Number of protein chains: 2
Amino acid sequence: MFNSKTMDNKEKQNKECQILIAAEQEFLTKGYDGARTTSIAKAAGVTHAMLHYYFRTKEQLFERIVDEKFATMSHSMFAIMGDPSLPIVERIKGGISAHFDFVAENPLLPRFIINEIVTRPEHYEVLYKRISLIIETIFHDLQFEVNRAAERGEMERVDVKMILISIMSMNIFTFLAYPFMEPLMGELMADRDKFLAARKAENIETIMKRIKKQ
Amino acid sequence: MFNSKTMDNKEKQNKECQILIAAEQEFLTKGYDGARTTSIAKAAGVTHAMLHYYFRTKEQLFERIVDEKFATMSHSMFAIMGDPSLPIVERIKGGISAHFDFVAENPLLPRFIINEIVTRPEHYEVLYKRISLIIETIFHDLQFEVNRAAERGEMERVDVKMILISIMSMNIFTFLAYPFMEPLMGELMADRDKFLAARKAENIETIMKRIKKQ
DNA sequence: ATATTGTTTAACAATTTTGTTAATACAAAA
DNA sequence: TTTTGTATTAACAAAATTGTTAAACAATAT
C-alpha cells in the first residue's frame, strides 16, 4: 500500500530495463535481422505490446543498443593506447594487455560492430567523423613517441597504425573466431581460461618482437 | 526455331546458375536472416516461384551456398600450410602469402563462416569432425619440422598452432574489418591495393620476427 | 500428331513478425 | 472524490515473406 508508488517505479524501471537487457543479448547474438521483438519480450518477461509501448519500434530499440555498444567500443580503442606516463615500449605492452582484457569482457562486441558497419555503412558515417579525428590525433602522438624512442635506439622505427592494426587483429580475432577454432585446436583450447592467457601472452610477445631493435 | 532447344537448355542452366550467383551474393553480404528469396530472384532476373521450383526452400538454397563456401574455406586452410618441399622458414613465409592472397580473393568469406558457426554451431558439428582430423595431422607434421629446424638453430622453437592462429588473425582481420578501419586510417588506406600490399608485407614481417632465432 | 516431361507464370495461401488500439487498472494530484 | 496520466493486457491489423498450385507453355520422344 504505502510503498506501492516506489514499488511501481521500481517495477517500471525494471521492465524497461529487462527489455533492454534481453534486447542486448538478442541483438548481439542474432543481429538485427535475426532478432525477434517477440523473443526479446518473452526473454524480458513482458508482453510484446509492452516492448512497443516503451520503445515504439524494433528499430528504435536497436538504436539504443547500438549507441551503447559503439560507446563501449570507443573505450576499447582508447585502452589500446596505453598509459602515456610509461616509456613507449612498456606503454605498448600495457596497451595490448588492456585491449585484450577489454575484448575479453565484451566478446560479442566485435562481431556485432563489424556486421553493423558492413551491412549498413551509411548509418555510421556521422558517428565515424567524430571519433576519426580523435584517433588521428592519438596516432600522431604515438608515432611521435615511437620516432623519438627509435632515435634513441630503444626500438625499431615502425608505423604505429600498422602495429595497432596487428594488435587489434590478434586480440579481436581470438574472440571473434573462438567458436570456429575451438573444435579444430584440440587440447590447446580445452581449458578456455588457460588458452586465453596463452593467447594474450603470445600476442604481446609477437608485437614486442616486431618492434624490438634488431 | 531450330536452335530453340540449345537456347532453352542454355537458358535453363543459366537461370539455375543465375539464382545461385545471386543467392551467393545475397547470403554472403546479408546472412541467412537478412537475405530475401524475392530479392535473390529479382537479382537473378526470375520470378520467385522459379527459385522455389529449382531449390524448393530458402533453407535448401542456403545449404547449397554454405557447402560451397565451406569447401572454399577448407582450401584456404591448406594454403596456409605452404609448400612442403621448401625449408620450413620459407615454407611458412609462402604459406602466409598464399593464405593472404586466398582471403583477398574471397573477402566476404570469413565473416560469413564466422557468423554461421556462431549462430548455428550444431549445424556444423559433422562437417567439423571431418576436417579436424586432417588439420591435426598437418599441425603435427609442421610442428615436427619446426622442432627439427629449431634444433639446427634455424629458428625459434615455437608452438605451430599459436603461429597459425596469429597468421589467420592478421590475414583475415585485414578483410573482416576493412570497412571498419577504412574511415579511421586516413591516407594509409586511401589506395586499397597499396594498403593490402603493405599489410601483407607487415603480416609476413611480423611472423618472421616472431619465429626468428634470437 | 500425340503423349510426356520439364519449365514458367500468375495468383493465391500460410505464416511470421511488427505494430496498433481500445479497454482497463491504478496510482498521484487536484 | 474526481481527474489525469501512466502502465498493462488482449485482441486485432498490416505488412512482409515464404511457400504452393493450377494452368499455360515449350521441348522431346514415341
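# Why is it called that?

Modeller: B:S97 sits in helix 5 (residues 88–105) of chain B. A helix here is a DSSP run of H or I with at least four residues (a strand is a run of E with at least two), and the numbering starts at the N terminus. This is a predicted model, where local features need pLDDT of at least 70 and side-chain atom pairs count only at pLDDT 80 or more, while totals for chains, interfaces and linings use all residues. Residues are numbered from 1 along each chain as its sequence is written, chains are lettered from A and ligands numbered from 1 in the order in which they are written, and side-chain values use heavy atoms, leaving out hydrogens and water.

Colleague: Buried or exposed: which is B:S97, and how do you know?

Modeller: The cut-offs, with a 1.4 Å probe and protein chains only, are under 20% relative accessible area for buried, over 50% for exposed, and partly exposed in between. B:S97 has 18%, so it counts as buried.

Colleague: And what does A:R56 count as, and why?

Modeller: A:R56 reaches 63%, so it's exposed. You'll find A:R56 in the loop between helix 3 (48–55) and helix 4 (58–79) of chain A. Its phi is near 65°, a positive value in a residue other than glycine.

Colleague: What makes A:R120 and A:E59 a salt bridge?

Modeller: Side chains of opposite charge can pair when their charged atoms come close. The rule asks for a side-chain nitrogen of Lys or Arg within 4 Å of a carboxyl oxygen of Asp or Glu. In A:R120 and A:E59 the closest N and O atoms are 3.4 Å apart, so by that rule the pair qualifies. A:R120 is in the loop between helix 6 and helix 7 (125–151) of chain A and A:E59 is in helix 4, so the bridge ties together parts 61 residues apart in sequence. A:R120 is buried at 13%, while A:E59 is partly exposed at 29%.

Colleague: How many salt bridges are there over all chains?

Modeller: The search of the whole structure finds 30. One of them joins B:E154 and B:R152, at 2.6 Å from N to O.

Colleague: Why are A:F78, A:L133 and A:I134 called a nonpolar surface patch?

Modeller: Patch residues need over 30% relative accessible area and no salt bridge; nonpolar side chains (Val, Leu, Ile, Met, Phe, Trp, Tyr) are joined within 5 Å, and like charges within 9 Å. A:F78, for example, has 41% and so counts as partly exposed. The patch covers about 300 Å², an area from the Shrake-Rupley method with a 1.4 Å probe, where for residues only the protein chains shown count as cover.

Colleague: What makes something a pocket?

Modeller: On a 1 Å grid over the protein atoms alone, a pocket is an open set of points with protein on both sides within 12 Å along at least five of seven lines, whereas a cavity is a set where a 1.4 Å probe fits but cannot get out; lining residues have an atom within 4 Å of a point. The largest pocket has a volume of about 570 Å³. Of its 27 lining residues, those closest to the centre include A:K30, A:G31 and B:K30.

Colleague: Which element gives the most to that lining?

Modeller: Helix 1 of chain B, with eight residues, gives the most to the lining of the largest pocket.

Terms used: Grid points are joined across faces, edges and corners, and a volume is the space filled by probe spheres set on the points.
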